[in-house]
Amino acid sequence: MNGGAPAPSGKRTSDRRSQSLRARAKLLGIATAVLAAGCGGAAGQHAAPSTSLSSLQVGPVAASDATLAASRIRHVVIIMQENRSFDSYFGTFPGAAGLPRKNGHFTVCVPDPRARRCETPFHDTSNKNTGGPHSAADSRNDVDGGKMDGFVAQAETSRPGCGGIVGGHQCRVRKPDVMGYHTAHELPNYWAYADNYVLQDHLFAPVASWSLPAHLFLISEWSAFCTDHLQAMSCRNALQKPALPVTPKRTARGPYAWTDLTYLLHAHRVTWRYYVQAGTEPDCRDDAADCPPVHQDAKTPGIWNPLPSFETVHDDGQFSNVSDVANYYRAARRGRLPAVAWITPSLANSEHPDSLLNDGQAWVTSLINAAMRGGEWRSTAIFLSWDDWGGFYDHVRPPTVDQNGFGLRVPGLLISPYARHGYIDHQIMSHDAYVKLIEDLFLGGERIDPATDGRPDARPDVRERAAAVGNLLTEFDFHQRPRPPLILPLHPRPPR
């Protein structure tokens, strides 16, 4: 359906507000350009097409559109699923920068050391996948200096002998499925959202590592290890092994002393909730290949629920803002969504191998339907993505913005009444753009910046300021009439 990275579609839009909408529009109207390292590289015996950085640049943002954005988007909902690469879910989506093809044949392949051949992508119709290992070392080996050729070897040589519920995805398997891709046949609702709203085809995980660092970046823009849980300046960068979340107590607080986004939201009196589905965690707490099931709920800190372990949440008395997902459905129904909401699944609905695809898709559809049926749909922007690549193949070399990332490319969707219809956003970006958008919408452009936020820490950079983070406002059209909800069935029939 596509033969490499197409030329980007032309029209783009805007950014946000401050003390007044006009002041915020001035902040947001600054032109943004993508300057990060290039995409592309070689995979196996065949070169993957490189993506021109100049073709992915983002133009200036009109101040009038920024003002509209600030007045119309009152709720940002971030749904984060688990462990999928862009090519594994949208590699054959028409018009997207998916799996390269020529004359109907894929032009990329990845060496299979065990079979002594080069594996090409294949249509995987299975409802359950195995994937591959996805530590920081695995990311380096999969990318292999831009060759993008380590995926099969990593899946074949990952730790054998696994049998647990959580870590089985990293076990040695007879035939790795990391080269498999899904289509609208397996993922009809996800493809329907892409058809009707915005698909991001150059969205990268913020960190070249596994789930816990990715989720720490999602809420704080850093992954670190602190030697003193009360001193933010004692924290040092930790790409692979940040401290594990623990339950804070009066005498023993959580291990995360650096600043997170909720600290700024609380200071600006911006409402937020972190909704958690009770069940089991979707990954091992220490990124091990195998582990016994670990209970998850809103009051249990974990790799997908790290906020209760942040010193700021403790000091601000915001524990109650980490809440069971049942309260999200209730808030949506009553028209009482917070300004900022994160939603995390349990293992069964996470799409984390070995969880079923259709269970995850049904869960996500139920969340989106709830927002669409609620009274605040007309002022809501929903972002759906997956935290890391899960060992699945992707042909695009990640840009390098700093010592932590970017990680490999992941699927991303914007769903909103103001989202452009059927738009594919080709600009390079990362999950950091979510934080940047929230700061621009609700905090007047204030960043999690140790020089200005009142809580100095030793983070290597202010990630939201990186040009390659992207500008999500290009995906909206605030001049269009708000589009009606697209209510989808939880268990759709595959298209014929």
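User: So where is D144 placed?
Analyst: D144 sits in the loop between α4 (136-143) and α5 (151-157). Helices (H or I, at least four residues) and strands (E, at least two) are DSSP runs, numbered from the N terminus. This is a predicted model, where local features need pLDDT of at least 70, side-chain atom pairs count only at pLDDT 80 or more, and totals for chains, interfaces and linings use all residues. Residues are numbered from 1 along each chain as its sequence is written, and side-chain values use heavy atoms, with hydrogens and water left out.

User: Ok, and what's the phi of D144?
Analyst: Positive, about 50 degrees, although D144 is not a glycine. Most residues other than glycine have a negative phi.

User: What about R269, what phi does that have?
Analyst: R269 isn't a glycine either, and its phi is positive at about 60 degrees. You'll find R269 in the loop between α8 (261-267) and β14 (272-276). R269 is exposed, with a relative accessible area of 78%.

User: Switching topic: which kind of peptide bond runs from P353 to D354?
Analyst: A cis one, with omega near 15 degrees. Most peptide bonds are trans. D354 belongs to the loop between β18 (340-344) and α11 (357-373).

User: And what about the bond from G405 to F406?
Analyst: That bond is cis, with omega near 15 degrees. F406 is in the loop between β19 (380-386) and β20 (412-415).

Technical notes:
Buried < 20%, exposed > 50% of the residue type's maximum accessible area, 1.4 Å probe, protein only.
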